[in-house]
Amino acid sequence: MKILVTGGVRSGKSRHAEQLLVGAAHVTYVAPGRPADGSDPDWDARVAHHRSRRPAHWHTIETADVAAAVRRTRDAVLIDCLGTWLTAVLDEQGLWDVDARIVSSEVEKRTAALCDALSLAPNAVVVTNEVGLGVVPSHRSGVLFRDLLGTVNQRVAQVCEDVHLVIAGRVLIL
C-alpha cells in the first residue's frame with residue numbers, strides 16, 4: 001500500500017494519514033524538515049502535537065533526508081509532509097534566491113531519490129499540501145514553492161496506488 005494524502009492546511013489530512021496506519025504493528029513517522037540547528041520552537045510544537053495523537057509504539061524520525069529515512073526502515077512509513085520537506089530542501093541548499101533552473105534540478109534530484117525509496121517501501125503514506133487549492137503569495141518565492149511542490153506531488157503520486165484528497169475532514173479517494 002502506497003497512498004498520497006493531500007489537502008489544504010488544517011483539512012484533516014495528517015489525522016487521516018495516521019488512521020490509515022493505526023493498525024500496523026510497526027510504523028516509522030518521518031517528520032521532514034527539522035532545522036539543522038534545532039532552533040525552531042514552532043517545529044518542536046508541531047512535532048509534539050502530532051506525536052501526542054499517535055500510538056506510543058510508533059517511532060519518530062526528524063530529518064530533511066526523507067529518502068534515507070525511508071530506505072533505512074522496514075516498517076510502514078508515514079511522511080508528514082512534503083511541504084515541510086521541500087522547504088527544508090530549499091533552506092539547506094540555500095536555493096530560495098537561486099536561478100529557478102538550478103533549483104528545479106536540485107529538487108528533481110531529491111524527488112527522484114525520494115520516489116525510488118518509496119517504491120521499495122512495503123507500506124507508505126505520504127502527506128502533502130495540495131497547492132492547486134491553496135492561496136499562494138504571488139511573489140517569487142511563493143510562486144517557486146507552489147510550482148515545485150506541485151511537481152513533487154505529481155511525481156510522488158506516480159509511485160502511489162491511491163491519492164486521497166481531504167477537505168474539511170472528508171476524504172475523497174481519487
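**Helices, sheet and backbone**

Tutor: The residues that cover the buried part of helix 6 come from elements that include strand 1, helix 4, helix 5 and strand 5. Please keep in mind throughout that this is a predicted model.

Student: Which residues of helix 6 are buried, then?

Tutor: Within helix 6, the buried residues are Gly142, Leu144, Phe145, Leu148, Leu149, Gly150, Val152, Asn153, Val156 and Val159.

Student: What span should helix 6 have, and how far apart are its end C-alpha atoms?

Tutor: With 20 residues at 1.5 Å a residue, helix 6 should span 28 Å, and the end C-alpha atoms are 29 Å apart, which agrees.

Student: What about helix 4, which residues are buried there?

Tutor: In helix 4 (residues 82–92) the buried ones are Leu82, Gly83, Trp85, Leu86, Ala88, Val89 and Leu90. Their cover includes strand 1 (2–7), strand 2 (27–32), helix 3 (66–72), helix 5 (100–120), strand 5 (124–129) and helix 6 (140–159). Just after helix 4, Gly94 has a positive phi of about 60 degrees.

Student: Is Arg110 buried or exposed?

Tutor: Arg110, which lies in helix 5, counts as buried because its relative accessibility is 17%, and the cut-off for buried is under 20%. Leaving aside residues up to four places away in sequence, Arg110 touches Ala64, Trp85, Val89, Glu92 and Gln93.

Student: OK, switching to the sheet: what is the strand order?

Tutor: The sheet is open and is formed by 7 strands in the order 3-2-4-5-1-6-7, with mixed pairing. At its edges are strand 3 (59–63) and strand 7 (170–173), each of which pairs on one side only. On average, and ignoring direction, neighbouring strands of this sheet are turned by 20 degrees against each other.

Student: In which sense do strand 2 and strand 4 pair, parallel or antiparallel?

Tutor: Strand 2 and strand 4 (residues 76–80) pair in the parallel sense, over 4 bridges, and Thr28 has Val77 in strand 4 as its bridge partner.

Student: Where does Ile79 sit, and what does it touch?

Tutor: Ile79 is in strand 4, and at 0% relative accessibility it counts as buried. Not counting residues up to four places away in sequence, Ile79 touches Val30, Pro32, Val66, Val70, Leu114, Leu118, Val125, Val126 and Val127.

Student: At the other end of the order, how many bridges join strand 6 and strand 7?

Tutor: Strand 6 and strand 7 pair in the antiparallel sense over 4 bridges. Leu165, in strand 6, stands opposite Leu172 in strand 7, and Leu165 counts as buried because its relative accessibility is 15%.

Student: Which other residue has a positive phi although it is not a glycine?

Tutor: One of them is Arg10, with a positive phi of about 60 degrees. Arg10 lies in the loop between strand 1 and helix 1 (13–20), and at 78% relative accessibility it counts as exposed.

Student: And the peptide bond from Asp80 to Cys81, cis or trans?

Tutor: That bond, from Asp80 to Cys81, is cis, with omega near 5 degrees, and Cys81 lies in the loop between strand 4 and helix 4. Most peptide bonds are trans.

Student: Last topic, rings: how many aromatic pairs does a search of the whole structure find?

Tutor: The search of the whole structure finds 0 aromatic pairs.

Student: Where is Arg54 found, and what does it touch?

Tutor: Arg54 is in the loop between helix 2 (41–53) and strand 3, and it counts as buried at 7% relative accessibility. Not counting residues up to four places away in sequence, Arg54 touches Glu18, Tyr29 and Thr60.

Key
Residues are numbered from 1 along each chain as its sequence is written. This is a predicted model: local features need pLDDT of at least 70, side-chain atom pairs count only at pLDDT 80 or more; totals for chains, interfaces and linings use all residues. Side-chain values use heavy atoms; hydrogens and water are left out. Buried means under 20% relative accessible area, exposed over 50%, partly exposed in between (1.4 Å probe, protein chains only). Helices (H or I, at least four residues) and strands (E, at least two) are DSSP runs, numbered from the N terminus. Contact means heavy atoms within 4.5 Å. Two strands pair if DSSP finds at least two bridges between them. Axes are lines fitted to C-alpha atoms, for helices over the stretch in contact, and angles run from 0 to 180 degrees between N-to-C directions. Rings of Phe, Tyr and Trp (its six-membered ring) pair if their centres lie within 6.5 Å; planes under 30 degrees apart count as stacked, over 60 as edge-to-face and the rest as tilted. The expected span of a helix is 1.5 Å times one less than its number of residues.
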